[in-house]
Amino acid sequence: LGHHMSFGWSVFNTGPDASVGHNVGLLLLLPAEALGPGLNASVAGSPCDSYTSVGEDDLEVLCDLGNIAAGVTLQGTVTLPFHRSLLWVNVTAQLLSISLNQNSTVEPVAALMRTFTPGADFFTPTVVRWYEDVTLTFNGTELDARVDGDSVKIVLDGNCSGDNTVLASGNHTMQLGPADTYGLEQSMYRNVFLAADVVTVCYHAAGEAAYRKLEPALQIRGVQSYSPTAVLTRTQVVVQFDGVLLDSYWNGDSVKVVRSQDCSGDDFMAGTVEMVDLGPSDSAGLSAVTASFVPRAKGNFTMCYRLKGSQQYVPVPPLLQVDAVPADVRLQLLTSAAAAVAGKVTQHTLEIRNLGPGWAEPEVVVHIQVNQSDFVSVPSHCVPVLNPVVGNPSRLLQCRFEAMASGEAHSLELSVLPEPSYSGYVFLSSWASADTDTQTSNNFVEWKKAVIEPDLVLSFFNLTNFPPGYHMSFAWSLEN
């Protein structure tokens, strides 16, 4: 690449085997600007004979080629002094030889010669970040930023003739900058790379046949993948991020896990915070780093990664799937009243126990309902709520417990007063729920009793223990 300011020529005797071109000379007609220091015309390494100005516009160069036998080729070069008007030069060449005196078919040969090789030598920067607006600056010779000028493509496999290009917001057909200019020493290429990788930058100069590979490789910092992508709640998780030039220092890259797909927010997954000191040890330029946390909620979450020096978190697919180890919440009436008497308080003990093996989370909710009765007191963890069927808030309790570990249990002491005037059946029923509870057959208990009510019999009778006379009395009795 560069302004080599040179072109070549060749003369070949294509005549019969015995033919000889005698005293052959080559007369080159060049622009007048070619005369000066740096002009050098040669045949097989030997200087040509003379340089003669012809008027103000032209320069004649005469090269003595001697005798040329059949099948022989002579080659030469011409190097011009650097001048922008000579980057493209019109050359007229005339062969001279006594062997051609009778040949009237030999005409001067005219050609337009290019005395430079266009294209980029190198580019900067060679390290960029994914998902950021990047400008690559190319330095080279006679770069062309016009619409049909130079172009750039960036490939994954090092093959500049192929189309295995890096994932980006734009492609190599976009116009370079600065717009509509040519003859540049620098051109610029803008893009946003959407994948992290070590890639090859290929530059195609206008008029050239192919793309040219530039060195060194372009390193696009970022994450390519992470694992594992499926984990369990309440278990220490170590996630490994694989990528390009990652940084695990405390002020390096950072990670967060969010419940939505918006990495710009702070809706963290329960049990996590922003992680800024990655593992496994403090270093930079890594191909893998780790982050550890303990998920406390099941669901699908977005893994977000921010590179050192960047202002944005980037979502890393796929979504992190967090499942829970199944739990088994059991309700049990440890003690309950043997009978229900109208107007008399009954005592009950309700146990809520997580049989495991997993946590019952994110919380355990227990409802307790009675009919034709009232709760004498409300246990801790519980509040009265409106029963849409009964319409009496004193007859339905809602109790909430934080996530319960395997084997954890809570007891509720319940005092219930049946209505004094009620006759029939009274019941106390309770049911529990937790998101991770997969065994629901033991989530319901009920106590039901017929109310023991009085059977009052009223009797009247005469008094017989008085002596004869008018005592004016009678008696009655009331029996349950």
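User: What joins cysteine 160 to cysteine 202?

Analyst: A disulfide. This is a predicted model. The S to S distance is 2.0 Å, and the cut-off is within 2.5 Å, so the pair counts as a disulfide. Cysteine 160 sits in the loop between strand S13 (151–155) and strand S14 (184–192), and cysteine 202 in strand S15, 42 residues apart.

User: Why is the disulfide of cysteine 160 and cysteine 202 called left-handed?

Analyst: Because the torsion about its S-S bond is about -80 degrees.

User: Why is cysteine 160 called buried?

Analyst: Its relative accessible area is 10%. Buried means under 20%, so the label holds. Cysteine 202 is buried as well, with a value of 0%.

User: What makes cysteine 48 and cysteine 63 a disulfide?

Analyst: Their S to S distance is 1.8 Å. The limit is 2.5 Å, so the pair qualifies. Cysteine 48 lies in the loop between strand S4 and strand S5, and cysteine 63 in strand S6, so the link ties together parts 15 residues apart in sequence.

User: Which hand does the link of cysteine 48 and cysteine 63 have?

Analyst: Right-handed, with 90 degrees about the S-S bond.

User: How far apart are the sulfur atoms of cysteine 263 and cysteine 304?

Analyst: They are 2.0 Å apart, and the two cysteines form a disulfide. The torsion about the S-S bond is about -80 degrees, so this disulfide is left-handed.

User: How many disulfides does this rule give, and in what pattern?

Analyst: Four disulfides. With bonded cysteines counted along the chain, the pattern is 1-2, 3-4, 5-6, 7-8.

How values were computed:
Residues numbered from 1 in each chain as written. Predicted model: local features only at pLDDT ≥ 70, side-chain atom pairs only at ≥ 80, totals over all residues. Heavy atoms only, no water. Helix = DSSP H or I, 4+ residues; strand = E, 2+ residues; numbered from the N terminus. Buried < 20%, exposed > 50% of the residue type's maximum accessible area, 1.4 Å probe, protein only.
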